[in-house]
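Please look over the sequence and the coordinates before reading the briefing below. It is arranged by topic.

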Amino acid sequence: MTDRLLLGTDTVEVRSLSAALQAEILGLPIGGDDPWADEDAAALEAWRADVAGGERCATVIVAVWPVSHAPMRLTDQSSAEFTRRAELPFAQWCVALGAASARCEDGGAIVAVAERPSPLDAAGWSAESGIADAVEALVRSLARAEGPRGVRVNAVSTPSRLAPAHPVAPAVPLTGYPGRIDVEVANAVEMLIGPGVGGVTGTVVHVDFGRSWR
């Protein structure tokens with residue numbers, strides 16, 4: 001039994017993160033190929049009720065990474081496509097972060113790991129960029145709400161699945177872009193849950209080798 005939980009979609013990337021962090025993974029329902037449906041909402045609610053009722057632990061990581069899509073211009077997206085790319089993943093994030101709050105013990109730590117395209121490379125990733133901004137807002141809100149019981153809530157962002165093969169100028173400051181999920185991303189999570197960052201909450205660490213210049 002581990003004292004670390006990872007609440008996330010059951011994808012190759014999330015399983016890699018779970019293994020690197022030695023965290024028990026509780027797979028979030030991914031949803032079907034159809035647009036937002038009643039059965040998706042029912043599955044999410046059932047999952048949240050089941051997870052929230054479990055034993056509390058010191059560290060909860062949340063990684064809602066849906067099935068990968070190809071980049072697409074916003075003007076080319078139908079309402080159904082936008083629902084698949086934005087609305088369902090955002091609902092999954094809300095449910096997963098709520099469950100994380102219920103499972104994290106007093107004085108513990110929650111870390112959200114979100115995909116975020118670097119601003120210079122965001123063309124075609126409008127839905128994904130919007131979700132990343134929303135997750136940042138949710139993390140700050142949850143940090144404020146959970147602070148009184150000593151729970152720190154932070155986020156790690158990565159462009160690992162969204163980075164172009166040849167980024168436009170200017171060049172990435174550090175070599176190795178966009179990095180590996182089981183190395184750079186996992187190490188950033190370890191940093192945020194470690195004992196040396198007790199005063200850090202409500203913030204986002206951008207693991208993009210300096211590409212975003214944020």
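Predicted model: local features only at pLDDT ≥ 70, side-chain atom pairs only at ≥ 80, totals over all residues.

Residues are numbered from 1 along each chain as its sequence is written, and side-chain values use heavy atoms, with hydrogens and water left out. The secondary structure of the protein chain comes to five helices and six strands, where helices (H or I, at least four residues) and strands (E, at least two) are DSSP runs numbered from the N terminus.

**Overall fold and dimensions**

- Read from the N terminus, the elements of the protein chain follow the order β-α-β-α-β-α-β-α-β-α-β.
- The protein chain has a radius of gyration of 17 Å, close to the 17 Å that the globule rule gives for 214 residues, so it is as compact as a globular protein of that length; the radius is taken over C-alpha atoms, and the rule is 2.2 Å times the number of residues to the power 0.38.
- The C-alpha trace of the protein chain spans about 45 × 45 × 30 Å along its principal axes.
- Of the 214 residues in the protein chain, 47% are buried, a term that means under 20% relative accessible area, with exposed set at over 50% and partly exposed in between (1.4 Å probe, protein chains only).
- Among contacts (heavy atoms within 4.5 Å) in the protein chain with a separation of 6 or more, 75% are between residues 24 or more positions apart.
- The accessible surface of the protein chain comes to about 9,900 Å², and 56% of this belongs to carbon and sulfur atoms; accessible areas come from the Shrake-Rupley method with a 1.4 Å probe, and for residues only the protein chains shown count as cover.

**Packing in the interior**

- Helix H5 (residues 181–193) has Ile181, Val185, Ala186, Ala188, Val189, Leu192 and Ile193 as buried residues.
- These buried residues of H5 pack against strands S1 (4–9), S3 (57–63), S4 (104–115), S5 (152–158) and S6 (204–206), and also against helix H1 (12–21).
- Valine 62 belongs to strand S3 and is buried, with a relative accessible area of 0%.
- Not counting residues up to four places away in sequence, valine 62 touches Leu7, Trp93, Ala96, Leu97, Ala100, Val111, Ala112 and Val113.
- Valine 62 and glutamine 92 are separated by 30 residues in sequence, and their C-alpha atoms are 10 Å apart in space.
- Threonine 11 sits in the loop between S1 and H1, where threonine 11 is buried with a relative accessible area of 10% and touches Ile30 and Trp65, again not counting residues up to four places away in sequence.

- The largest cavity has a volume of about 180 Å³, a volume being the space filled by probe spheres set on the grid points, which are joined across faces, edges and corners.
- The largest cavity is lined by 16 residues, of which Pro66, Glu115, Glu128, Arg161 and Leu162 are the closest to its centre.
- Helix H3 (79–103), S4 and helix H4 (126–146) are the elements that give two or more residues to the lining of the largest cavity, and H3 gives the most, with three residues.
- The lining of the largest cavity divides into 10 nonpolar, two polar and four charged residues; Ala, Val, Leu, Ile, Met, Phe, Trp, Tyr, Cys and Pro count as nonpolar, Asp, Glu, Lys and Arg as charged, and the others, Gly among them, as polar.
- The second largest cavity, with a volume of about 50 Å³, is lined by Ala114, Arg116, Ala132, Val135, Glu136, Ala155, Val156, Ser157 and Val204.
- H4 and S5 each supply at least two residues of the lining of the second largest cavity.

**Backbone geometry**

- Most residues other than glycine have a negative phi, and most peptide bonds are trans.
- Tyrosine 177 and proline 178 are joined by a cis peptide bond with omega about 5 degrees, and proline 178 is in the loop between S5 and H5.
- Glutamine 22, in the loop between H1 and strand S2 (24–28), has a positive phi near 55 degrees and is exposed, with a relative accessible area of 65%.
- Phenylalanine 209, in the segment after S6, has a positive phi near 60 degrees but is buried, with a relative accessible area of 14%.

Technical notes
1 Å grid on protein atoms, 1.4 Å probe; cavity = no way out; pocket = protein on both sides within 12 Å on 5 of 7 lines; lining within 4 Å.
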